[in-house]
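I opened my notebook to look up how charged side chains pair in this protein. Here is what I wrote down as I went.

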Amino acid sequence: AVFRKGISIEPQASVRVAITADSWYRLKLNGRIVNDGPARGWPTHYKYDVLDLTPYARPGENEIEVVVRYFGTGTFHQVPQMPGLLAEITIESATGTAVVATGRSWLASAAPEWRLDTPKISIQMEPFEHYDARETGTRGWAAAVEVCEAHDGPWQGLSERDCALLTWEPTSAKAVIRTQAVTTKEEVFCFAAARMTHPG
C-alpha cells in the first residue's frame, strides 16, 4: 500500500519523523527518498526510526509518501504481526510545535506495482521485491483505516533503532539505450508454511 499526507511547514522550521511499519517501509518527502526501514526487532520490542526531514522540506505545502510492504511470513529479522504503519511527524517552528500522527487524515491506496506473494529470497530473508512499473497508473485514494492506537497493537516495547541507518548514494545513468520488461530465467520454489496453513 501507499500512504500520503500533506503537511504545512513554516520557513526555518525543523521537521523530524518517528516511523515504523510491519513489515517494511520506504519514506519519501516531496518525491525524494529519505529512508527504508525499520531495523530488525521482535514484536515484544519493535523498532522505529527517527529521521531528520528538514533537508527535504520546503516552506509551505509538502507531501509525505510512504510505501509499505507486509511480508506475511517470518524472517530472521522480524516476525510479522499484521499490516501496519506507525508515524509521528514533529514540526518545530518559531510559532510552536505541531505533531502529525498517522490516522484517518492520511490517504491510502493499493500499490499493484509491487507484486504480492513473491517467494522468499532465502529462509533468513524477506520475499523478493517484484516491481512492475507498468502498473503505476492512477491511484484510488481513500481515507486510511486506523486499526489500533500505537501501544494497543501487536508491536510492543516500541524503541528507537539501535544501529546505524544505511546510507543512500544516488547515481545517475549516463544514457538510456532501451527499456523492456524482463523475466527471471530460473525457477524458484518456496513454500511459506504459515501463509499456506493460514491464508490471509
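Predicted model: local features only at pLDDT ≥ 70, side-chain atom pairs only at ≥ 80, totals over all residues.

I call it a salt bridge when a side-chain nitrogen of Lys or Arg is within 4 Å of a carboxyl oxygen of Asp or Glu. By this rule I count eight salt bridges.

Residues are numbered from 1 along each chain as its sequence is written, and side-chain values use heavy atoms, with hydrogens and water left out.

I took helices (H or I, at least four residues) and strands (E, at least two) as DSSP runs, numbered from the N terminus. For burial I used relative accessible area: buried is under 20%, exposed over 50%, partly exposed in between (1.4 Å probe, protein chains only).

- Arg16 and Glu92 form a salt bridge at 3.3 Å, N to O. Arg16 sits in strand 2 and Glu92 in strand 7, 76 residues apart. Arg16 is partly exposed at 37%, and Glu92 is partly exposed at 34%.
- Arg161 and Asp49 form a salt bridge at 2.6 Å, N to O. Arg161 is in the loop between strand 11 and helix 1, and Asp49 is in strand 5, 112 residues apart. Arg161 is buried at 17%, and Asp49 is buried at 1%.
- Glu146 and Arg104 form a salt bridge at 3.3 Å, N to O. Glu146 is partly exposed at 39%, whereas Arg104 is exposed at 59%.
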